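Please examine the model shown below.

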Amino acid sequence: MVKNMVPPIETPEKTFHSSHSHPPLNERILSSMTRRSVAAHPWHDLEMGPGAPLVFNCVIEIPRGSKVKYELDKKTGLIMVDRVLYSSVVYPHNYGFIPRTLCEDNDPMDVLVIMQEPVIPGCFLRAKAIGLMPMIDQGEKDDKIIAVCADDPEYRHFNDIKELPPHRLAEIRRFFEDCHWPHLPHSFEDLDTLLMFLFGLSVIVNLVFKCCFLNHLLDKKNENKKVDVDDFLPAASAHEAIQHSIDLYADYIVETLRR
């Protein structure tokens, strides 16, 4: 049986010319370099949310368990590496700031967010303030908001800092005592170098003088700093501090516009 052989139908090749077609990659790159674009700034462009100051958006700079101190670069809005912590400590919880707030140290309000998991630097999440830790850092007021993640089922039911286990508060307190050593000269940036110096010093000084020097050095560790566990204040104080920082930020914006 012979099958009918139907020759294939030749169709002309279609060329689509769309008015929305993209220019070649090199032209797009050159075009983007000639246009002035402004990226969103996490401090100024992110809204706090309708629930502030009770529940608010916050930007995480440093994840839980990190020994790297990340910090917001105010000029670019990017997260930069400030330094690696000198002592053998890590951040006990996610740490960041509340957008559109301003404190006496000209930085946004700091917040420590208690939750189950670490999160990546630069992301934002909803947090609920449960307490305030008043703190003096090298002579300057540097209060910290203690909060829980509002969308973490393990912690979102906490409403006040007194509901946290005492050990958790002691852990937070000890971290800020240890990680904020005054900046030593470069030759003394680690404890081993400092101990070697003291050992060499012991050659020319007697034992009593060396012990007195060590005690004095330990006393200097917390000079101009007070972080007492008894100083943790309730959620109402945290709400007042956040509202105060919101008002300071608003005054700053108004004053800037007037200039």
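The model is predicted: local features need pLDDT of at least 70, side-chain atom pairs count only at pLDDT 80 or more, and totals for chains, interfaces and linings use all residues. Residues are numbered from 1 along each chain as its sequence is written, and side-chain values use heavy atoms, with hydrogens and water left out.

Five strands close into a barrel of mixed pairing, in the order β1-β4-β5-β9-β6. From one strand to the next, the twist averages 50 degrees. Strands are DSSP runs of E with at least two residues, helices are runs of H or I with at least four, and both are numbered from the N terminus; two strands pair if DSSP finds at least two bridges between them. Strands β6 (residues 124–133) and β9 (residues 144–149) run antiparallel and are joined by six bridges. Leu 132 stands opposite Ile 145 in β9.

Helix α2 (residues 166–179) lies across β4, β5, β6 and β9, at about 140 degrees to β5. Helix α5 lies across β1, β4, β5, β6 and β9, at about 115 degrees to β6. Axes are lines fitted to C-alpha atoms, for helices over the stretch in contact, and angles run from 0 to 180 degrees between N-to-C directions.

Ser 245 is found in α5 (residues 235–258) and is buried at 1% relative accessible area, where buried means under 20% (1.4 Å probe, protein chains only). Beyond its neighbours within four places in sequence, Ser 245 is in contact (heavy atoms within 4.5 Å) with Thr 101, Leu 102, Cys 103 and Met 109. Cys 103 counts as buried because its relative accessibility is 14%.

The whole structure holds zero disulfides, a disulfide being a pair of cysteine sulfur atoms within 2.5 Å. The sulfur of Cys 123 is too far for a bond, because the closest cysteine sulfur, in Cys 58, is 8.3 Å away.

Key: Buried means under 20% relative accessible area, exposed over 50%, partly exposed in between (1.4 Å probe, protein chains only).
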